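The paragraphs below go through one protein structure part by part. Please keep the sequence and the model open while reading.

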Amino acid sequence: MASCALPLCLLFTIFTLSTVFPANCMRSWGKHTVLLNQLIRRDHALEPQMVKPGVKRESEGAIFLELKKLRHWNQKGQNRALEFDAARVLFLQNILRENGGQGTLVDSLKETRIPLTSGRKLDSLNYVVRIGIGKQEMNVLVDTGSDLTWVQCSPCSNCYQQMDSLYSPSSSYIPIPCNSSSCGSLQISAGCASAAAGTCSYDVSYGDGSSTHGDIATDTLTLGTDTIGDFIFGCGHNNRGLFGGAAGLLGLGRGSPSLTFQAFNRYNGVFSYCLPSSQETTGSLVLGDPSSTSGYNSTAFIYASMIQDPQVPTYYLLNLTGVSVGGVYISAPSSSTLGTASSGRTLIDSGTVITRLGPSLYKAVRDEFVKQAIGLPPASSFSILDTCFNLSGFAAVNIPTLQFHLSSSHGAPGGDVQVTVDSSGILYVVNNDASQACLALASLQSESEYQIIGNYQQQNLRIIYDVKESKVGFAPETCR
């Protein structure tokens, strides 16, 4: 694919709101300008605001970013969170390397919409929805890389601190017997915890060292105004790790016993979300027919094909064919070049924060990004991020845009679809005065590992997962 004649750039500013941009500067950067101010992110400092209607620009496009001092900044906490993000990625790679019951199903196709927010207020870099189990409501993390929905339960022998009260089994709570067919069919089942208990148990570990252990049971799940009876979930009595103040996880993977699987007939195997870029904004999780989500934005969806891999049924796999940096296309190395079957295979995962690319592709993307980020002095690395810039003393700098190229589900011209990363997902601000920022991408350890598109690069996009049609759709949306 030929590169663009004029590189697309972002204009990254550290001005106050009263700053006036010269007219000739505005014209030179383009007609599709987006003004980004009040930049207090969910965990860093980039929140988009659209330019006022009627403002015209003449060239290809520019995005203006303003940095403000961050509130409640904990640099050590951010560093630790990214280190655990690296551990999750390692865990996912191990599962992919080693592996290469359905609740109450109803016939009517429905849609339900649930507010989705940043987990920063709960000390998490992931995203949160509020659900009901039985008669209680609680905040849980949304995870497309997990199947089991679980919450911390009373009595609890080892529970971390959470914002809501522990789930307390009520009359609608029904434990699943360990000798039942339902227990044996669950991929996460550990069978009988003890002969005396007679209850189906589970034991799940996550890549960041977190874990949950408890009983498998059924109860009524409430999602907004919708309810699902006899929903299979985990009642966790022994839990530890980086779940912040959330009560547990909502499993949106592809396998049993995920919500996607259990409610397949109700929602037709379809859900979508928009991840907000700020803790002050609210996105949404929508379960149901993809045609009904088109009202949330005015841009048509583009669809990438899911890769089917029965050895790893939980994960949503796509084929990444390349990355564009400022309009310059960089092709992903082929399997024949790398000598590995995993080339191009890429997880899209709401539970991983930072996108991971194969070493050779990452190096090419990083080098092109640095080449186009003209005049920015380098800064020391931060945690897993090795390409950082010292922005001290700068009034304005320009940085390239970013696009992921994915194999199309319907044979689009050129053989792929281009997903543009929102401006909020390109740089990761690492200190409270915004004097240092890093390219929000990281390298995998080897070419044989699966690439991952993390939630940081999914912000301000409506992303539709359509399991029935085996495709994932993308459209820009300002989450609200």
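A residue is called buried when its relative accessible area is under 20%, exposed when that area is over 50%, and partly exposed in between, with a 1.4 Å probe and protein chains only. The model is predicted: local features need pLDDT of at least 70, side-chain atom pairs count only at pLDDT 80 or more, and totals for chains, interfaces and linings use all residues. Residues are numbered from 1 along each chain as its sequence is written, and side-chain values use heavy atoms, with hydrogens and water left out.

A disulfide is a covalent bond between the sulfur atoms of two cysteines. Here a pair of cysteine sulfur atoms within 2.5 Å counts as one, and the whole structure holds 5 disulfides.

One of the disulfides joins Cys 153 to Cys 235, with an S to S distance of 2.1 Å. This pair links distant parts of the chain, 82 residues apart: Cys 153 is in the loop between β7 (150-152) and β8 (174-175), while Cys 235 is in strand β12 (residues 226-240). The angle about the S-S bond is -135 degrees, and the link is left-handed. Cys 153 is buried, at a relative accessible area of 0%, and Cys 235 is buried, with a value of 0%.

Another disulfide joins Cys 156 to Cys 159, with an S to S distance of 1.6 Å. Its angle about the S-S bond is 90 degrees, and the link is right-handed. Cys 156 is counted as partly exposed because its relative accessibility is 24%. Cys 159 is also partly exposed, because its relative accessibility is 27%.

Cys 388 and Cys 438 form a further disulfide, with sulfur atoms 2.0 Å apart. Cys 388 belongs to strand β22 (residues 388-390) and Cys 438 to strand β27 (residues 436-439), so the link ties together parts that are 50 residues apart in sequence. The torsion about this S-S bond is about 95 degrees, so the disulfide is right-handed. Cys 388 and Cys 438 are both buried.

The next stop is a group of strands. Strand β6 (residues 136-143) is mostly covered, with 6 of its 8 residues buried. Two strands are said to pair if DSSP finds at least two bridges between them. Strand β5 (residues 127-133) runs antiparallel to β6 and is joined to it by 6 bridges. Within this pairing, Gly 132 stands opposite Glu 137 in β6. The hairpin of β5 and β6 has 2 residues between the strands, and Gly 134 takes a positive phi near 65 degrees there. β6 also pairs with strand β13 (residues 248-251), in the parallel sense and over 4 bridges. Val 140 has Gly 248 in β13 as its bridge partner.

The last stop is a cavity, which means a set of points on a 1 Å grid over the protein atoms alone where a 1.4 Å probe fits but cannot get out; lining residues have an atom within 4 Å of a point. The second largest cavity has a volume of about 40 Å³, where volume is the space filled by probe spheres set on the points, and grid points are joined across faces, edges and corners. Its lining includes Phe 404, Leu 406, Gln 457, Gln 458, Leu 461 and Ile 463. The elements that give two or more residues to this lining are β24 (402-407) and β30 (461-466). By class, the lining of the second largest cavity has 7 nonpolar, 2 polar and no charged residues. Nonpolar covers Ala, Val, Leu, Ile, Met, Phe, Trp, Tyr, Cys and Pro, charged covers Asp, Glu, Lys and Arg, and polar covers the others, Gly among them.

Terms used: 1 Å grid on protein atoms, 1.4 Å probe; cavity = no way out; pocket = protein on both sides within 12 Å on 5 of 7 lines; lining within 4 Å.
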